[in-house]
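Work through the exercises below with the sequence and the model open. Try each task before reading its solution.

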Amino acid sequence: MSIGSRSTATVVVTLIVLTGCGAEASGNVSAGPGGPGAVPVVAVDNRFEPERLDLPAGDEIEVEVTNEGGTTHDFTIEELDLSTGPIEPGEVATATFTVPGGEITFVCSLHGGMEGSVTGS
């Protein structure tokens with residue numbers, strides 16, 4: 001393989017790896033802010049604020065996620081097959097779902113350990 005071919009192959013592999021990182025948007029999500037009753041969540045650096053949401057089980061809610069960090073984040077609840085997809089710094093996305101009973105975890109699939117919980121009671 002020539003040097004040019006190896007360089008091209010390296011670029012192609014790098015692009016495949018980079019575009020495969022993080023969750024794609026799924027579920028009832030939209031770009032931009034939610035309505036007046038939306039629950040605010042901020043993604044900053046390697047944490048969510050707040051890290052715990054206590055909400056009434058069975059209610060349909062909007063979670064408005066604002067990225068105030070310096071890197072791309074997402075808001076993903078794997079148990080509900082829900083993800084905002086990538087949220088760039090300074091951007092806002094909204095996820096709408098029915099709160100299940102018990103506790104479920106939300107994560108940023110781009111940053112291991114960045115997580116919080118939703119408790120439906």
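**Exercise 1.** Find where Glu 24 sits, and decide whether Glu 24 is buried or exposed.

Solution. Step 1: locate the residue. Glu 24 belongs to the loop that runs between helix H1 (3-19) and S1; helices (H or I, at least four residues) and strands (E, at least two) are DSSP runs, numbered from the N terminus. This is a predicted model, in which local features need pLDDT of at least 70 and side-chain atom pairs count only at pLDDT 80 or more, while totals for chains, interfaces and linings use all residues. Residues are numbered from 1 along each chain as its sequence is written, and side-chain values use heavy atoms, with hydrogens and water left out.

Step 1: apply the cut-offs. Buried means under 20% relative accessible area, exposed over 50%, and partly exposed in between (1.4 Å probe, protein chains only). The relative accessibility of Glu 24 is 68%, so Glu 24 counts as exposed.

Step 2: look for partners. Contact means heavy atoms within 4.5 Å. With neighbours within four places in sequence set aside, Glu 24 is in contact with Ser 83 and Gly 85. The C-alpha atoms of Glu 24 and Pro 86 are 7.2 Å apart, although 62 residues separate the two in sequence.

**Exercise 2.** State the strand order of the open sheet and which strands stand at its edges.

Solution. Strands of a sheet pair through backbone hydrogen bonds, either parallel or antiparallel. Here two strands pair if DSSP finds at least two bridges between them.

Step 1: read the order. The five strands of the open sheet follow S1-S8-S5-S2-S3, and the pairing is mixed.

Step 2: find the edges. S1 (28-31) and S3 (47-49) each have a single partner strand, so one side of each has no neighbour in the sheet.

Step 3: examine one pair. S2 (residues 39-44) pairs with S3 in the antiparallel sense over three bridges. Val 44 is opposite Arg 47 in S3.

**Exercise 3.** Classify the ring pair of Phe 48 and Phe 75.

Solution. Step 1: set the rule. Rings of Phe, Tyr and Trp (its six-membered ring) pair if their centres lie within 6.5 Å; planes under 30 degrees apart count as stacked, over 60 as edge-to-face and the rest as tilted. The count by this rule is three aromatic pairs.

Step 1: apply the rule. The ring centres of Phe 48 and Phe 75 are 6.1 Å apart and the planes stand at 85 degrees, so the pair is edge-to-face.

Step 2: Phe 48 is in strand S3 and Phe 75 in the loop between strand S5 (60-67) and strand S6 (76-77), so the pair ties together parts that are 27 residues apart in sequence. Ring pairs link Phe 48, Phe 75 and Phe 106 into a cluster.
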